[in-house]
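Dear colleague,

Please find below the structure that I am handing over to you. My findings follow it.

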Amino acid sequence: MQPAAITESRNVMESAAFRLVGRALTCIRGGREIFADLGFSLSAGEALAVTGRNGAGKTSLLRLIGGLLKPAAGTIVLEGSPDESPPAEQAHYLGHRDALKPALSVAENLRFWHAFLGGERDSPPAALAAVGLDHIAHLPAGYLSAGQKRRLSMARLVAVRRPLWLLDEPTSALDTAGQALFATLMTDHLAKGGLIVAATHAPLGIATRELRIGGAA
Amino acid sequence: MTALAALIRRDLRVALRVGGGALIGVLFFLTVVVLMPFALGPDLALLKRLGPAILWLGALLASLLTLDRLFTADHDDGSLDLIVMSRAPLELACAAKAVAHWLAAGVPLIVATPVLGLLLNLDGQATLAVALTLLAGTPALTFTGMIGAALAVTLHRGGLLLAVLVLPLSIPVLIFGVAASNAAIAGPDGFGAPFSILCALSLAGLVIGPVAAAASLRHGLD
């Protein structure tokens, strides 16, 4: 993968000094060391693709950044952040599971996360339209296909603004059009000075830097 | 606050939709209480004497049945990760979930009590007394049960563990709930003392439950 080539003008809110830095991270799960002494640095407007074989600790790294796991050693900080809140509170986490309630409609699911996560300006209908689900907003989420559920999760990223996106295999289950759409959303996010850390095997369709964990894939 | 209100609204919606927990709890309560007269026989005096205890046991088991899914459902679909990561303090999010659970699963039990009291030969005043003690006591069941639900969240087949963990904690609530009901129906002891302790248990649960559940969720994350 080629180095990051995105140097558009940044938002005033997030200056170029806005960086996500991980230092000397060690992750131990179930008594087994997953990775040790891992470091990375990511500036505003950059995307980091985390690669490695299965079990190398890609998901663990994302969960460390999201505060869902505690590192055995090392620190993760957002430098130059306008407020003092930890990275977890400034991040979106798109995991393997889509965090949707099958009994609620598409619109209800999105409205809940929008209200719960404190979305400011983009209203949920606009976000639904952005991911191409506005025509089935009334449908219970239980009837959606895997790809449509993924799109609904993506709508959450659009509806609530967070500078840091943590994406775990974001393009799995998406069709070609969905992957192109997601690449557009990620490009927009980076252009606004956002950061992306994505664990992935497949190319994301955007310029990324690569962090390989645990030797050759 | 909007975040917590949104969480309560969502949990209520999910519980009240088809397949949600609210109806299951009431149906179970109904089944337990309806079966009792058949098991005990047509001894009206005996039914009347055991009535409050039967209603309280039914409510306890019904609330335990629905508590099982309080955090497990959110853990399974990934919502719990986002709730833990969010800016809303986890303690308050836990409290909001407990409030939603009580509104969806606890209040219907109280509403059903007057109807079920008829089956147990309880007169109007006695039924009212039992409903009143359930109103004061079921929040304590939810808040103590929440701790067990949070502990069991990462375990498969945690439902049985939940019962083992939570039932001992529920014993004081059961004792004072039944004592207050019996005092109101038969006397001669005062209604005030056991009822006050019941209210105190609920208030203590309100304070301890969310903190303990949040600590257990944080510790249990993997």
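Residues are numbered from 1 along each chain as its sequence is written, and chains are lettered from A and ligands numbered from 1 in the order in which they are written.

Over residues 1-14 of chain A, pLDDT stays under 50. Where pLDDT is low, the predicted coordinates should not be read in detail.

Chain B contains nine helices and zero strands (DSSP runs: helices are H or I, at least four residues; strands are E, at least two). Its radius of gyration, taken over C-alpha atoms, is 18 Å, close to the 17 Å that the globule rule (2.2 Å times the number of residues to the power 0.38) gives for 222 residues, so chain B is as compact as a globular protein of that length. The C-alpha atoms of chain B fill a box of roughly 55 × 35 × 30 Å along the principal axes.

The contact between the chains (C-beta atoms, placed from the backbone, within 7 Å) involves 24 residues from chain A and 21 residues from chain B. On the chain A side, β5 (91-94) and α2 (106-116) each supply at least two residues, and α2(A) gives the most, with four residues.

Yours sincerely

Technical notes: This is a predicted model: local features need pLDDT of at least 70, side-chain atom pairs count only at pLDDT 80 or more; totals for chains, interfaces and linings use all residues. Two residues are in contact if their C-beta atoms, placed from the backbone, lie within 7 Å. pLDDT is the predictor's confidence in each residue, from 0 to 100.
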